[in-house]
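Here is a short report for a first look at this protein. Keep the sequence and the 3D view side by side as you read.

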Amino acid sequence: MKLNLLSCFAQRPDRRAIIKCIAEISSNINESLSTELTDILLEGDSVEIEIGDKSSGSALRALRKLSIDYGFIE
């Protein structure tokens, strides 16, 4: 499943937690790429990631907990 991470609307986003979350839930992103994607997301641009179907429920919960707005990509 592909997700488009649109924005982080947390007043004080936890950068380290976002980096760790993206690295854990995505199927093909390591921690250094996750750091770059987090920087892009926090600057206000959207980011596209792919997550495994088996972990999609917990991945979406983790993103909501971090106040990350996302959309599904067909």
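Two residues are in contact when heavy atoms of theirs lie within 4.5 Å. By that rule, and leaving aside neighbours within four places in sequence, Asp45 is in contact with Leu5, Leu6 and Ile40. The model is a predicted one.

## Overall build

The protein has 3 helices and 3 strands. From the N terminus on, the elements run β-α-α-β-α-β. The C-alpha trace spans about 30 × 20 × 20 Å along its principal axes.

How does the radius of gyration fit a compact globule? For 74 residues, such a globule would have a value near 11 Å. The protein has 11 Å, which agrees. Contacts across the chain fit into this picture too. Take the contacts with a separation of 6 or more: residues 24 or more positions apart account for 73% of them.

## Surface and charge

Of the 74 residues, 36% are buried. The protein exposes about 4800 Å². Carbon and sulfur atoms supply 45% of that area.

The side chains include 9 positive and 12 negative ones. The centres of these two sets lie 10 Å apart.

## Helix H1

Which residues of H1 are buried? They are Ile18, Ile19, Cys21, Ile22 and Ile25. Seen down the helix axis, these buried residues fall within an arc of 165°, so they line one face of H1. An α-helix has 3.6 residues a turn, so residues three or four places apart point the same way.

The other side of H1 has exposed residues: Arg16, Lys20 and Glu24. The cover over the buried residues of H1 includes S1, H2, S2, H3 and S3.

Is Ser34 buried or exposed? Ser34 is buried, because its relative accessible area is 0%, and buried means under 20%. Beyond four places in sequence, Ser34 touches Ile18, Ile19, Ile22, Ala23 and Ile29. Ile18, Ile19 and Ile22 are among the buried residues of H1.

Ile40 is partly exposed, with 33% relative accessibility. Not counting residues up to four places away in sequence, Ile40 touches Asp45, Ser46 and Val47. Cys21 is 19 residues from Ile40 along the chain, and their C-alpha atoms are separated by 15 Å.

Asp45 sits in the loop between H2 and strand S2, which covers residues 47-50. With a relative accessible area of 45%, Asp45 is partly exposed. Ala10 is 35 residues from Asp45 along the chain, and the C-alpha atoms of the two are separated by 15 Å.

Helix H3 covers residues 56-65, and its buried residues are Ser56, Ala59, Leu60 and Leu63. Seen down the axis of H3, they fall within an arc of 95°, so they line one face of the helix. Arg61 and Lys65 are exposed on the other side of H3. What covers the buried face? The cover includes strand S1 (2-8), helix H1 (15-25) and strand S3 (68-73).

Ser56 has a relative accessible area of 16% and is buried. Outside the four places on either side in sequence, Ser56 touches Met1 and Ile51.

Which residue with a positive phi follows H3? The residue is Ser67. Its phi is about 60°, although Ser67 is not a glycine. Ser67 is found in the loop between H3 and S3. At 18% relative accessibility, Ser67 counts as buried.

## What to look for

Start with H1 in the 3D view. Find Ile18, Ile19, Cys21, Ile22 and Ile25, its buried residues. Then find Arg16, Lys20 and Glu24, exposed on the other side. Next, go to H3 and pick out Ser56, Ala59, Leu60 and Leu63, which are buried. Arg61 and Lys65 are exposed on the other side of H3. Finish at Ser67, in the loop between H3 and S3.

Note on methods:
Residues are numbered from 1 along each chain as its sequence is written. This is a predicted model: local features need pLDDT of at least 70, side-chain atom pairs count only at pLDDT 80 or more; totals for chains, interfaces and linings use all residues. Side-chain values use heavy atoms; hydrogens and water are left out. Buried means under 20% relative accessible area, exposed over 50%, partly exposed in between (1.4 Å probe, protein chains only). Helices (H or I, at least four residues) and strands (E, at least two) are DSSP runs, numbered from the N terminus. The arc is that of the directions from the helix axis to the C-beta atoms. The radius of gyration is taken over C-alpha atoms; the globule rule is 2.2 Å times the number of residues to the power 0.38. Accessible areas come from the Shrake-Rupley method with a 1.4 Å probe; for residues, only the protein chains shown count as cover. Lys and Arg count as positive and Asp and Glu as negative; His and the chain ends are not counted. The place of a charge is taken as NZ of Lys, CZ of Arg, CG of Asp or CD of Glu.
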